[in-house]
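Work through the exercises below with the sequence and the 3D view open. Try each task before reading its solution.

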Amino acid sequence: MNRPFSGHRVLLVEDEMLVVWLLEDMLADLGCAVVGPASSVNQALAMIDAEAIDAAVLDINLNGQMSYPIAEALAARGVPFVFSTGYDKDTLLDGYRAFPVLQKPFHHSELSATLAKLLTPREPSAKSVMAVNAEAPL
Amino acid sequence: MPSEERKSKAQTAAESDVDSFRKDLGPFVVAAETTRMAMVFTDAKEANHPLIFANDSFLSLAGYDREEVLGQSFDFLLGRPAGPDALAQVEATFAGSSKNDFEICFHRKDGSTFWAAVFISPILDKAGDVVQHFASFVDLSKHKEEQDHLRFLLAELNHRTQNTLATVQAIAMQTLRGAANKEVVDAFEGRILALSKAHSLLGRKLWETVSLRDVIDQILQPFGLNDRRVARFSVEGDDVRLQPKAALSLAMLFHELATNAAKHGALSNGAAGKIDITWQAAPTPLGDQMRLRWQESGGPPVTLPGRKGFGSRLIEGGLAQDLDGQVHLDYEPVGVVCQIIMPVRREAEEP
């Protein structure tokens with residue numbers, strides 16, 4: 001199988017076990033090394049501090065906890081990320097709508113296309129996330 | 001200030017008018033003062049429509065004492081963030097150039113807001129000149145709250161449906177991984193995702209109606225609908241609104257056709273193949289009917305499939321019934337043709 005993102009470390013934040021397995025398989029099939037999964041905000045924040053991360057896939061609602069603090073921490077470090085959610089994009093808080101969203105359920109090709117935008121070329125993608133974040137009133 | 005003084009003279013005159021009503025129309029004034037319908041009278045001779053009468057219901061709705069509102073302009077009640085649109089609406093209604101009822105957001109004295117349906121009607125003197133306006137208010141707070149709650153519930157339900165479909169996808173992939181052939185797994189996953197895309201589109205439109213173009217966009221985008229490098233699709237027709245059930249059925253149908261085209265038809269042989277989607281809606285004795293045609297061309301020569309799979313069963317059997325119409329699938333040598341005749345509503349825009 002084609003593994004376009006070999007060597008990239010992707011943080012997976014998701015609280016639903018079955019969906020974790022699905023996304024782990026999808027990420028592994030794309031060649032990514034999965035960091036996590038984290039199923040809570042604190043767990044994710046600890047991993048962001050401790051681990052090297054190239055990108056992140058972020059569920060928005062973690063058992064009732066919103067994952068926006070994780071998004072903040074990632075943006076502050078210039079780590080690109082995509083929200084993965086069953087919610088419609090319109091229900092994102094103001095200031096977060098500029099970030100990419102994968103609406104669950106999604107096909108591995110959609111994940112792949114999004115990661116391609118986030119990861120290549122690595123430097124500009126990190127900068128553009130920062131720029132978007134700087135413009136957005138948080 | 002002189003203008004204040006003049007206004008207060010006008011105010012005094014207007015109030016004495018009310019006093020004279022009170023004498024002439026005793027029981028009616030008592031009724032107006034005590035009815036549960038919030039109401040005010042304003043002075044039409046002043047540009048800013050100052051209040052000359054406010055009944056008890058109005059005062060309790062707005063949270064003011066009577067002396068705090070009498071003499072104040074009507075706009076004062078709208079409160080600080082009353083936008084130009086709201087002010088223009090009020091002005092147009094007083095001027096009689098707009099319909100005389102509308103919904104607007106007011107501020108109570110304590111800063112809280114309430115939505116009210118307002119009805120404004122002019123009061124004429126014997127000469128036919130507008131001397132006052134009568135305005136009544138129906139508090140819509142509860143109604144708006146219920147609407148917000150309903151929207152919240154619907155968003156939550158949509159979210160849960162999508163999450164459930166994601167779980168179904170995950171269960172299927174875990175169950176079938178390695179056990180079934182990849183083609184079967186892909187077909188299953190594709191159908192779940194098509195269903196979820198249609199659900200998501202319907203959810204965004206609050207399960208009312210959705211546009212045919214939106215359905216086509218959602219379903220065919222993964223098949224290169226908007227691919228700017230290769231134009232593989234042409235989509236032509238005046239948009240029509242679809243009921244939820246018809247939208248779901250058409251979404252599944254387009255998904256099956258496109259999947260088939262990607263495997264065997266016009267999307268299976270590089271850039272040569274093309275799919276034309278055209279439709280017309282027209283009135284018939286049975287109501288508005290749409291005729292839609294999916295025409296493939298430029299693909300490899302078409303051969304009749306040996307066995308009818310789930311796809312063609314879905315297209316020819318189930319969907320015709322769901323759409324309350326007819327679906328014909330033909331394996332013409334130049335390419336697959338699917339024709340659909342079904343009832344629709346022809347309006348192009350949402351109400």
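**Exercise 1: Chain A at a glance**

Of chain A's 138 residues, 39% count as buried. Keep in mind that this is a predicted model.

Task: State how many helices and strands chain A has, and in what pattern they follow along the sequence.

Solution. 
- Step 1. Count the elements. Chain A has five helices and seven strands.
- Step 2. Read along the sequence. The pattern is β-α-β-α-β-β-β-α-β-β-α-α.
- Step 3. Turn to the contacts in chain A with a separation of 6 or more. Residues 24 or more positions apart account for 66% of them.

**Exercise 2: The five-stranded sheet**

Task: Find the strand order of the open sheet of five strands in chain B. Which strands stand at its edges?

Solution. 
- Step 1. The order is β2-β1-β5-β4-β3 in chain B, and the pairing is antiparallel.
- Step 2. The edges belong to β2 (51-54) and β3 (101-107) of chain B. Each has a single partner strand, so one side of each is left without a neighbour in the sheet.
- Step 3. From one strand to the next, the twist averages 30°.
- Step 4. Look at one pair. Nine bridges link strand β4 (residues 113-124) of chain B with strand β5 (residues 130-139) of chain B, in the antiparallel sense. Opposite S121(B) stands F134(B) in β5(B).

**Exercise 3: The partners of β12(B)**

Task: Which strands pair with β12(B), and over how many bridges?

Solution. 
- Step 1. Strand β10 (residues 287-297) of chain B runs antiparallel to strand β12 (residues 335-343) of chain B, joined by seven bridges. In this pairing M342(B) of β12(B) is the bridge partner of M290(B).
- Step 2. Strand β11 (residues 326-332) of chain B also pairs with β12(B) in the antiparallel sense, over seven bridges. Here Q326(B) has I341(B) of β12(B) as its bridge partner.
- Step 3. Check the link. Two residues lie between β11(B) and β12(B), which form a hairpin.

**Exercise 4: The nonpolar cores**

Task: Identify the residues that touch the most other members of the largest nonpolar core. Which element supplies the largest share of this core?

Solution. 
- Step 1. The core has 42 residues; V215(B), L242(B), A247(B), A251(B) and F254(B) touch the most other members.
- Step 2. Elements of chain B that each supply at least two residues of this core include α8 (182-204), α9 (212-220), α10 (244-263) and β9 (274-284).
- Step 3. α10(B) gives the largest share, with eleven residues.
- Step 4. Inspect L242(B). Beyond its neighbours within four places in sequence, its contacts include T209(B), V215(B), A247(B) and V344(B).
- Step 5. Another core of 41 residues lies apart from this one; among its members are V19(A), L23(A), I48(A) and A170(B).

**Exercise 5: Where the chains meet**

Task: How many residues of chain B are in contact with chain A, and which element gives the most?

Solution. 
- Step 1. On chain B, 21 residues are in contact with 15 residues of chain A.
- Step 2. α7 (141-176) and α8 of chain B each supply at least two residues of this side. α7(B) gives the most, with 13 residues.
- Step 3. Sort the side of chain B that touches chain A. Nine residues are nonpolar, ten polar and two charged.

Technical notes: Residues numbered from 1 in each chain as written. Chains lettered and ligands numbered in written order. Predicted model: local features only at pLDDT ≥ 70, side-chain atom pairs only at ≥ 80, totals over all residues. Pairing = 2+ DSSP bridges. Helix = DSSP H or I, 4+ residues; strand = E, 2+ residues; numbered from the N terminus. Axes fitted to C-alpha atoms, helices over the stretch in contact; angles between N-to-C directions. Core = buried A, V, L, I, M, F, W, Y, C linked by C-beta atoms within 7 Å. Buried ≥ 20, exposed ≤ 12 C-beta atoms within 10 Å, placed from the backbone. Contact = placed C-beta atoms within 7 Å. Nonpolar A, V, L, I, M, F, W, Y, C, P; charged D, E, K, R; others polar.
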